[in-house]
Amino acid sequence: MASSTCAAAAAAVTIFASRLRLCSVRHSSVLLRFAGHRHPFSSSSAFSSSLPRRHFRHRHRMAHSAAATRAALGLTKPNVVEAPQITFSAKEIDFAEWKGDILAVAVSEKDMSKDSDSKFENSTLKRLDEQLGGLLAETSAEEDFTGKAGQSTILRLPGFGFKRIGLVGLGQHSQSATTSYRGIGEAVAAVAKGSQASNVAILLASASDISEESKLSAASAIASGIVLGVYEDNRFKSESKKAQLKAVDIIGLGSGPELNQKLKYASDVCSGVIFGKELVNAPANVLTPGVLAEEASKVASLYSDVFTATILDAEQCKELKMGSYLGVAAASSNPPHFIHLCYKPSSGDVKRKLAIVGKGLTFDSGGYNIKTGPGCMIELMKFDMGGSAAVFGAAKAIGQIKPPGVEIHFIVAACENMISGTGMRPGDILTASNGKTIEVNNTDAEGRLTLADALVYACNQGVEKVIDLATLTGACIVALGPNIAGFFTPSDELANEVSEASDVSGEKFWRMPLEESYWESMKSGVADMVNTGGRQGGAITAALFLKQFVDEKVQWMHIDMAGPVWNDKKRAATGFGVSTLVEWVLKNSS
């Protein structure tokens, strides 16, 4: 990653799919069982549909080199951790009849309003407080619980059907609905983990105010928040606790096949997000380019009814004249692997062809322009494959959802940026696969060099639209901070599609300008271009560089996700990009 404030990317290990089993619906209850599979290399609470598979059309041309299969440096190997199993049941019942460990009530600041007698005005809270003899109003006042987002309080209730009651703050509901409801799920997961609860019910205090369509989305987002909140990546810890939460009842948000489908969709997307997180969290001594290729191939193998995989080695990339990509890879003892997964629906006509390209630097030392000094974040440069993690996380989810009418190419040029006598030097000139020449004036602006050949390859697949994702520049973090990705595109249509997709996913994006006059700083005296301009407008010049390798007939967008790929507070990956990519694909599906 190019760094004026070096920032983030990722590496990874495996996540085996889990299955979603749709159990019988009894009375007004929709029951979903989320069961995780064990895998010798990794585990997670990710889910996948258990649909039958056809003959696997896997064109895997990767030679299993010693570098790809040898024991990891430091003898580190992920633990086999039993994935949590969670049953979600949507019920239309009186909350007073529910029995279990925790009844969690989601409340907004408005819901917490009280009358002159200090009684709740909200009918649900009023009734609940009466059942508890005024204890709810008393406790909320004593603990200054006002329903603000992030607030929660829990009470033990001996003698009642539910052992505890928890209040979870929803805030003013001014942020996106998806973010709010997912936050409820995450808060409930935290409460459940803290009290070792095995079953929980969730009730929205103002569920009656929500439209039927919004109820479906709310239930889906809450379920996603719980799954992602319960999940912990403990593969590299010597000791880890098992998740105790087994069952979640969602009360008052409907039931039936439509909600069933929404919950299945949430599970599919969560499986992709968790896969992406695990790839980024995995250290570079475990997740090499070869292992990343193996993990991508497992996705294709698992969903072989709709996926094929092609893995190109260095010689095959040389035949395709990928000099820009191979120049970055030249210094590492771990050979490069160019990864191409192709999704085609098992039936029906293909009406649209898309490509999603991810930066796949499993470690970035900076090369001869080595990352040094405070803030360079070299210790986090395993996350410089965060773009590829989003790509393969989305691929895993798509393999389960199986959208019709759309062909999707998932492409990653995986390698490491290291230092050795065989590596590229500042001043070297590389020739990309479209014939354009690049003077390397900074070896730490390597991601764009790998993406250049990946974008040419993507356009050669006959696609109409291509999105690339990369932890590309520290400049984008300086501009937008750690929570927002910047996107660059000359296409208003594509910008609108991704903006609409992000509204549904809850992930944050901001459109950035493609200021063509800044290209002046990218001109070389001896080649077609240099690979980096000055410090000013660094994220923009990086996007302008990538634009040189995209066919003019193809709608293109570059997403710089250097900020939101990593959560500094949790010291872990976020899985950013997966949810939005899946939504974008569905918008392009017939």
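Welcome! Both Phe307 and Tyr343 are buried, meaning under 20% relative accessible area, with exposed over 50% and partly exposed in between (1.4 Å probe, protein chains only). This is a predicted model, in which local features need pLDDT of at least 70, side-chain atom pairs count only at pLDDT 80 or more, and totals for chains, interfaces and linings use all residues. Residues are numbered from 1 along each chain as its sequence is written, and side-chain values use heavy atoms, leaving out hydrogens and water.

**Aromatic rings**
- The model has eight aromatic pairs, counted when centres of Phe, Tyr or Trp rings (the six-membered ring for Trp) lie within 6.5 Å; planes under 30 degrees apart are stacked, over 60 edge-to-face and the rest tilted.
- Phe307 and Tyr343 pair edge-to-face, 5.7 Å centre to centre with 65 degrees between the planes.
- Phe307 lies in strand β10 (residues 307–312) and Tyr343 in strand β11 (residues 337–343), so the pair ties together parts 36 residues apart in sequence.

**Around strand β17**
- Strands (E, at least two residues) and helices (H or I, at least four) are DSSP runs, numbered from the N terminus.
- From β17 (residues 485–488), Ala485 and Phe487 point one way, Gly486 and Phe488 the other, and all are buried.
- β17 pairs in the parallel sense with β18 (residues 509–511) over three bridges, where pairing needs at least two DSSP bridges.
- Gly486 stands opposite Trp510 in β18.
- β17 runs antiparallel to β20 (residues 555–560), joined by three bridges, and His558 in β20 is the bridge partner of Phe488.
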